[in-house]
Amino acid sequence: MIRLCAKTVAETDLYETDKEVQNLIDWICLSEQIKENNNTIRNLTNEYKKIEPDCWEGVWAQLERMKELCKERNNLYEKQNNLKGQKYKIEKLLER
């Protein structure tokens, strides 16, 4: 789907001339970014869960990695919320 959007943008002027096409392409791109972020969040959470038991044994380096994972995950959650907000706005425009 992303390839189709890229081809549409590259080979036509529809993105610049048709607001609905622009909104649909933006919606698709945002949806893909949300999917990618969700996968990254899942992977970070899984890594966190693998590290967590060892932390109770006092492994300092792993505790530090867990802190980094939490920060990274929280940053992605913020980005997710921003992307979802943008996607919602586009959906509202498409409903018109």
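How many salt bridges does the count come to? The count comes to five salt bridges, a salt bridge being a side-chain nitrogen of Lys or Arg within 4 Å of a carboxyl oxygen of Asp or Glu.

## Basis of the description

This is a predicted model, in which local features need pLDDT of at least 70 and side-chain atom pairs count only at pLDDT 80 or more, while totals for chains, interfaces and linings use all residues. Residues are numbered from 1 along each chain as its sequence is written, and side-chain values use heavy atoms, with hydrogens and water left out.

## Helix 4

Helices are DSSP runs of H or I with at least four residues, numbered from the N terminus. Helix 4 covers residues 60-95, and its end C-alpha atoms are 52 Å apart.

Buried means under 20% relative accessible area, exposed means over 50%, and partly exposed lies in between (1.4 Å probe, protein chains only).

Glutamine 80 lies in helix 4 and counts as buried because its relative accessibility is 2%. Its side chain makes a polar contact of 3.0 Å with the side chain of asparagine 38.

Tryptophan 27 is found in helix 3 (residues 19-55) and is partly exposed at 28% relative accessibility. Leaving aside neighbours within four places in sequence, tryptophan 27 is in contact (heavy atoms within 4.5 Å) with Lys87, Ile90, Glu91 and Leu94.

## Nonpolar cores

A nonpolar core is a set of buried Ala, Val, Leu, Ile, Met, Phe, Trp, Tyr and Cys residues joined through side-chain atoms within 4.5 Å. The largest has six residues: Ile41, Leu44, Ile51, Met66, Leu69 and Leu76. Helix 3 and helix 4 are the elements that give two or more residues to this core. A second, separate core has five residues, among them Cys5, Tyr15, Ile25 and Ile28.

## Charged pairs

Side chains of opposite charge can pair when their charged atoms come close. Arginine 65 and glutamate 47 meet in a salt bridge through their side chains (3.3 Å, N to O). This pair links distant parts of the chain, with arginine 65 in helix 4 and glutamate 47 in helix 3, 18 residues apart. Glu47, Arg65 and Glu68 are linked in a network of salt bridges.

Lysine 35 forms a salt bridge with glutamate 32, their closest N and O atoms being 3.4 Å apart. Both residues of this pair, lysine 35 and glutamate 32, lie in helix 3, three residues apart, about one turn of the helix. In helix 4, lysine 92 and glutamate 95 are likewise three residues apart, and their side chains meet in a salt bridge (3.5 Å, N to O).

## Cysteines

The count comes to zero disulfides, a disulfide being a pair of cysteine sulfur atoms within 2.5 Å. The closest cysteine sulfur to that of cysteine 29 is in cysteine 5, at 5.1 Å, which is too far for a bond. Cysteine 29 is partly exposed at 35% relative accessibility.

Key: The expected span of a helix is 1.5 Å times one less than its number of residues. A polar contact is a pair of N or O atoms within 3.5 Å; within protein, one must be able to donate a hydrogen and the other to accept it, and residues adjacent in sequence count only if both atoms are side-chain atoms.
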